[in-house]
Amino acid sequence: MLVPVSFLTRRAGRRPTTLLLLLLLGLLPGGGWCGAPAAGVGAPDSSALHRRFFRLIRAGNAAYARKQGMGSISASQQFFDSAQTLALRTQDTLLLASAVFAQGRVYDAWNQEPQKTVVTFRRAAALYRHLPAQRVRYYYVRHLVAHAYDKVPDSTGAVTELRALARELDPLPDTLLRQLPFTVEMALIATQVHNYPLADSILRRFGRRDWIRNDSTTYDYLYHYYLTRARLDLYLHRRPAAPYLDSVALALRAARNVFDRTYYAGNLAVLTAAHDDLLGRPHAAYDYLRLTTSSADSLTDGGRNAHLRQALLRADERAAARRAQYEAAASTARWLIIGILTTALFVISVLSVRLYHQRQASRAQADAVAVVNHQLDDKVAQVELLNKEMQHRVKNNLHMIFSLLHMQERRSTNDEVIENLQAARLRVESIAALHNQLLTNPTGPDLSGFLKALISAVVSCLANDRQVVTHLQTEPLHLPESAYLALSLILNEWVTNSLKYAETEGLVLEINVSVRTRPHEVCIVYADNGLPPAAEPAPGGGAGAPVVSTGLGTQIIQLLTRQLGATLTTAGGHPYHYELCIPRG
């Protein structure tokens, strides 16, 4: 699992949230917090549909738990999407809650839209609230809402959620509170947003030392208790003698992986510095800081070492091939000289002189070729480095534009301005998603995966509480690279219009996208189950033609269609059902 870079750059004491949530949610036997409920605790019906749903959830959890970077998250998302489709079909509250909760885990691990994580976990908590048998899980998801607010970062929102949850837990008997180990995490979140009195009160009421124990399959709750206590000693009580620092150091020594080592080393660096400040002595946190940096470097390598290793292997293979060619040529020349020597001394003398000059010229040429090859290798390396730097800057610039538009969208109070900013942000996000796929797929992105990722991104941003089901029918194929950008913007406009304006009379919005291959073109057919727009009356009375939008989005689609050299027609007599045919080659 990849750790976001913001883990090292945001304020001191932040948890490695991707790993910790993965461990807590993905590794419990039989599903645990995030799989199917245990027998006797709101177990689902015995129907085949319910069994299939929870098999998909468990498969998604298994993919999530592999901790192999964002590829694992993407693999789990495919299972969770299928499970969500089944949940929407059944309209079963337990299935819907489990599907929304799984989606929230993916957002939390992705760590790019924390506000979306807040919204998703809130929806899951609202669904679990109506299931008395799932009360414990409801409390657990409520604490994740506070955790998500911490990542926004929104300290006020996190504190508000923690206080509200504490008020709900306060009347519970101790026998039930013992079954809620995440109360220690509530106190830890409170210290992360620097509300130390709240953390102290949560520990005194819900986090008693004799209730806490480590669990090798989930969180190290006891070590988190020590970390919380160490923060309270230093920042709330201002105690120079902080015995819990030694316990946090023990947690670092017992860390099972590089994520935990990075987390505890980073916290020890900050806590040790604060401890030395209280004693008025020089800081002794350098070793912890160095360990944090080295661990973080190993987490953020991003596969560059493997890429470099492959490049070096290819260079060695080319050099070996060149040496073999030179050796073969020299061997041929030697055998030729031996044959000539056996015929006649004079011929040997003449040819020897001639061959000598030829050999000198060949060596000079070989040296020149070697120099040129070396220079070309240097140039290629420079070009590759410049290309990587350029792509990195493009990615950063796209992310900055996206963030600026998102920030302006949140600050605006004008609905029309918000809608326009949101549309612009989605277009930038479409370009950024395409750029990322082109980086990860040098031969061009697979059309099926590209369409799925693009449509999922737009639906996740705009669907809000609306239920949406996407049907995608395609096959593995590739379009010309120049076609993907225009296609991504056109699909963005189509899906956005469906989400905003398609009237389904209370039914689930269904979006259908299919790809049809023809000898000389590839056709993308788009439709939704929204009602056709009402027709305007004709000037002389009677029915007129349906009202078709001529706004900026429609103009963008028309311009991009001409840029592709494609043809765009409406399908099935519906003005918002389209068939876009793109020429091959």
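Author: Start with contact, which means heavy atoms within 4.5 Å. Leaving aside neighbours within four places in sequence, Leu447 is in contact with Thr474, Leu477, Leu479, Tyr484, Leu487 and Val515. The model is predicted: local features need pLDDT of at least 70, side-chain atom pairs count only at pLDDT 80 or more, and totals for chains, interfaces and linings use all residues. Residues are numbered from 1 along each chain as its sequence is written, and side-chain values use heavy atoms, with hydrogens and water left out.

Reader: What makes Leu447 buried or exposed?

Author: Buried means under 20% relative accessible area, exposed over 50%, and partly exposed in between (1.4 Å probe, protein chains only). Leu447 has 0% relative accessibility, so Leu447 counts as buried. Leu447 is found in helix 19 (residues 447–462). Helices (H or I, at least four residues) and strands (E, at least two) are DSSP runs, numbered from the N terminus. The C-alpha atoms of Leu447 and Leu479 are separated by 7.1 Å, and the two residues are 32 apart along the chain.

Reader: Why is Val350 called partly exposed?

Author: The value for Val350 is 42% relative accessibility, so Val350 counts as partly exposed. Val350 lies in helix 17 (residues 345–411).

Reader: What makes Phe346, Val347 and Val350 a nonpolar patch?

Author: Like charges are joined within 9 Å, and nonpolar side chains (Val, Leu, Ile, Met, Phe, Trp, Tyr) within 5 Å. Phe346, Val347 and Val350 form such a patch on the surface, with about 290 Å² of accessible area together. Accessible areas come from the Shrake-Rupley method with a 1.4 Å probe; for residues, only the protein chains shown count as cover.

Reader: How do you know that a disulfide joins Cys523 to Cys581?

Author: A disulfide is a pair of cysteine sulfur atoms within 2.5 Å. The S to S distance for Cys523 and Cys581 is 2.2 Å, so the pair is a disulfide. By this rule the count comes to one disulfide. The pair links distant parts of the chain, 58 residues apart: Cys523 in strand 3 (residues 521–528) and Cys581 in strand 7 (residues 578–583). Cys523 and Cys581 are buried.

Reader: Why is the disulfide of Cys523 and Cys581 called right-handed?

Author: The torsion about the S-S bond of Cys523 and Cys581 is about 105°, so the disulfide is right-handed.

Conventions. Patches are made of residues with over 30% relative accessible area and no salt bridge: like charges are joined within 9 Å, nonpolar side chains (Val, Leu, Ile, Met, Phe, Trp, Tyr) within 5 Å. A salt bridge is a side-chain nitrogen of Lys or Arg within 4 Å of a carboxyl oxygen of Asp or Glu.
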